Amino acid sequence: MPFRFARIPGVDGKVLVTSEVGEFEFLDEVDFMAFAAGTLSPATDTYADLQGKHFLAEGDYSSTLRMVAAKYRTRKSFLKGGPALHVFVVTLRCDHSCRYCQVSRQTADQARFDMSAETAAAAIDLMFQTPSPSLTVEFQGGEPLLAFPRIRQIVEAIEERNLVEGRAITYSMTSTLHQADGEVLEFLRRHDFQLSTSLDGPEALHDANRPRPGRESHRRTLDGIGRVREALGERSLSALTTLTRESLKYPEAIVDEYVRLGFPSIFLRPLSPFGFAAKAAQRIGYGMEEFLPFYERALAYILELNRMGVAIQEAYTGFLLSHILTPFPTGYVDLRSPTGAGLGARVYNYDGGVYASDEGRMLAEMGDHSLRLGTVHDSHADLMRSEGMQLLLATGVAEALPGCSDCAFLPYCGADPVFNLAREGDPVGHRPTNAHCVKHTGLFRILFRYLAEADPHVVRTFTSWVTQRPVRRLPDAEAA
Ligand code: SF4
């Protein structure tokens, strides 16, 4: 059967082989050469292991093909139903002036950067034209709570329309939480919002990354976290950190801040190439070769904390491990093939423009409108036939991209034409120098090295992240 392979630095004498549907095995060099040549002895355990994972088949292999096809359908099942994530950018206003977000934000008094009631109504109509039985409605900004009346209008209109539509709807919002109090919290609780906030680490780092008039960004965020937890419960709130060059010095301190504040998860997110000025990039940006040692150190620290009984996970690692260790897709739209942009997600901008992703919207702020699919007054069919979607479909399938098509990590990775467009001015991208690829090659190597070492504690921790169950509730907890 088709396979791909890689040699992982630090995993000596073994070759990683991966199948089209994401099964993997480490083979020693001799077995690998025999397997590749088709001469591996059927009497060996390796042969049986590879056969069990459908790396090889004998005689009439139609039943093997059927099983592989079923796994493939499961892995790609995110394609069913079309866009399920609908992002409403209700305002570009924000009272922060974060170093990594200088292009798209507008000052808090610029109400002309709010979504109008008419645009919101048209966007809702457009969202319901998509066939997905489950819809996630996400509010973003700017700071979305500066346009809370519009959020309320949108949610109430969706609820009313959904009496007929009968979709499963989840609401989420990315917010600084500074404006979350009283009436706002009660509304969010009533509609069972999932909230995400930015927490860049300890006070000094957070306030340096996320300045606002009067400073106190960290203190106000902590106050907001407290209010949200009290009103909506602990599980309704997660946080993510955006890493500036300064952040890279403090992997342990950033993780410690999340532990101190009782978060079960941290999302260590490198700076994206969107939405901040080139000048700022020189000051706060860095290459992936600087990010990867940071990530490796942070992950080792997180695993050590787990070994000591502190349950905290790194969210992106959780997504990658789910891709590696299970046949199921995650809800994460930014690492898919075909790309999640436009196929899994859609963004309705405050001005009525419709984009394939939030990054597509940011790209437009930087002057490149190629991923503006149309407006809220177009039909779903028109948007799916737009030039922007054609560009994404032609360049957003990793299986067909040079470099990716024969990469061992392909089954777990994704295409990111929007990122490539922003970084290289070309949606295909040049793999050897491509930051998306350098990052993911590095991350997969680190994770496969852990999987090859198979330390029982690490394996249990990874399993608990993938299954979202505490280590003590895993079946092998007593034996281990
Ligand atoms: S982006 Fe890089 S790591 Fe991902 S599949 Fe393509 S070649 Fe492999």
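Between which strand and which helix does the loop that holds Gly142 lie? The legends below take up this and other local features of a predicted model, in which local features need pLDDT of at least 70 and side-chain atom pairs count only at pLDDT 80 or more, while totals for chains, interfaces and linings use all residues. Residues are numbered from 1 along each chain as its sequence is written, and side-chain values use heavy atoms, with hydrogens and water left out.

**View 1. The cis peptide bond at Gly142.** Gly142 lies in the loop between strand 5 (134–140) and helix 5 (148–165), where helices (H or I, at least four residues) and strands (E, at least two) are DSSP runs numbered from the N terminus. The peptide bond that leads from Gly141 into Gly142 is cis, with omega near 15 degrees.

View 2. Phe78 is placed in the loop between helix 3 (62–75) and strand 4 (85–89), and with a relative accessible area of 16% Phe78 is buried (buried means under 20% relative accessible area, exposed over 50%, and partly exposed in between, with a 1.4 Å probe and protein chains only). When its neighbours within four places in sequence are left aside, Phe78 is in contact with Pro329, Arg336, Ser337 and Pro338, contact being heavy atoms within 4.5 Å. Phe78 and Phe328 are 250 residues apart in sequence, yet their C-alpha atoms are 9.2 Å apart in space. Two of the contact partners of Phe78, Ser337 and Pro338, are joined by a cis peptide bond with omega near -5 degrees. Pro338 itself belongs to the loop between helix 12 (315–325) and strand 11 (345–348).

View 3. Ala454 is not a glycine, but has a positive phi of about 55 degrees; Ala454 sits in the loop between helix 17 (435–453) and helix 18 (456–467), and is partly exposed, with a relative accessible area of 39%. Gln468, also not a glycine, has a positive phi of about 55 degrees. Gln468 is found in the segment after helix 18 and, at 59% relative accessibility, counts as exposed.

View 4. Ten strands form an open sheet with mixed pairing, in the order 10-9-8-7-6-5-4-11-12-13, where two strands pair if DSSP finds at least two bridges between them. Strand 10 (313–314) and strand 13 (372–375) stand at the edges with a single partner strand each, so one side of each is left without a neighbour in the sheet. Strand 8 (residues 237–243) pairs with strand 9 (residues 265–270) in the parallel sense over four bridges; the bridge partner of Thr241 in strand 9 is Leu268.

**View 5. The setting of the close-ups within the whole protein.** The secondary structure of the protein comes to 18 helices and 13 strands. The radius of gyration is 23 Å, close to the 23 Å that the globule rule gives for 480 residues, so the protein is as compact as a globular protein of that length; this radius is taken over C-alpha atoms, and the rule is 2.2 Å times the number of residues to the power 0.38. Taken along the principal axes, the C-alpha atoms fill a box of roughly 75 × 50 × 45 Å. Buried residues make up 53% of the 480 residues, and of the contacts with a separation of 6 or more, 68% are between residues 24 or more positions apart.
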